[in-house]
Amino acid sequence: MRILIIEDDRQTSDYIAKGFTEAGHIAEVISDGRSALSHAAGTEYDILIVDRMLPGLDGLSIVKALRVAGVKTPVLFLTSVGGLDDRVEGLEAGGDDYLVKPFAFSELSARVNALHRRPPFQSESNTVAVADLEVDLMRRTVKRGGNIIDLQPREFRLLEVLIRNEGRVLTRTMLLERVWDFHFDPKTSVVETHISRLRAKIDKPFSFPLLHTIRNTGYSLHAPH
């Protein structure tokens, strides 16, 4: 793997780089946020390991900018900011995993390997449609009635899960597991907030709704009966 380590603590970055280099990987280190953004956007990496607190530009802003630019490289946040809300914020920004310092290199390596083993998104190349809503899973584009709809990465993932389960009712717990990879209830309104944002983009500007709230149960995406 080619790994970019975005970390301003020299001792930590040297420790990580040494571990991955000894394992046969290519590990590069950048300590400044703005330089890291430029480098990550213009160079192909297999994994990005990103600290949140960085000089120049913080880790959350780096990842958000990369996702907006269409960079899909898996991101693991490695940071001392470890509260539940912080982890949720990191994942919502476009991160794929979150590990809190202090950490064991064996766990970091295992998580990086797990991210690298994920099948490439292109392997799911196809277009799914419900009524006049079209989702291209390869290009990650969304259209309704021929109009392009701009979604953030987590909004797209939520729509993908819903459209792949067209007509089925998905509970809040199911969405937390499939969209955010939470196998516990974080006691936040993250699902409700993203449902509201998604509905505002794919439903409200159009003549009939596709995203339905099933009272006391969950959510379902389907065409009018």
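A crossing of two helices is termed left-handed if the near helix is turned anticlockwise from the far one by less than a right angle, and right-handed if clockwise. The structure is a predicted model, in which local features need pLDDT of at least 70 and side-chain atom pairs count only at pLDDT 80 or more, whereas totals for chains, interfaces and linings use all residues. Residues are numbered from 1 along each chain as its sequence is written, and side-chain values use heavy atoms, with hydrogens and water left out.

Helix α6 (residues 153-164) and helix α7 (residues 172-179) have axes that come within 10 Å and cross at roughly 120 degrees, the axes being lines fitted to C-alpha atoms over the stretch in contact, with angles from 0 to 180 degrees between N-to-C directions. This angle makes α6 oblique to α7 (under 35 degrees counts as roughly parallel, over 145 as roughly antiparallel, 65 to 115 as roughly perpendicular and the rest as oblique), and α6 passes α7 in a right-handed crossing. Arg154, Arg157, Leu158, Val161 and Leu162 of α6 and Leu175, Arg178 and Val179 of α7 make the contact (heavy atoms within 4.5 Å).

Four aromatic pairs are present, a pair requiring ring centres within 6.5 Å, with planes under 30 degrees apart counted as stacked, over 60 as edge-to-face and the rest as tilted. The rings of Tyr15 and Phe105 are edge-to-face, with centres 6.1 Å apart and planes at 70 degrees. The rings of Phe20 and Phe105 are likewise edge-to-face, at 4.9 Å and 65 degrees, and this pair links helix α1 to helix α5 across 85 residues. Ring pairs join Tyr15, Phe20, Phe103 and Phe105 into a cluster.

Definitions and conventions:
Helices (H or I, at least four residues) and strands (E, at least two) are DSSP runs, numbered from the N terminus. Rings of Phe, Tyr and Trp (its six-membered ring) pair if their centres lie within 6.5 Å; planes under 30 degrees apart count as stacked, over 60 as edge-to-face and the rest as tilted.
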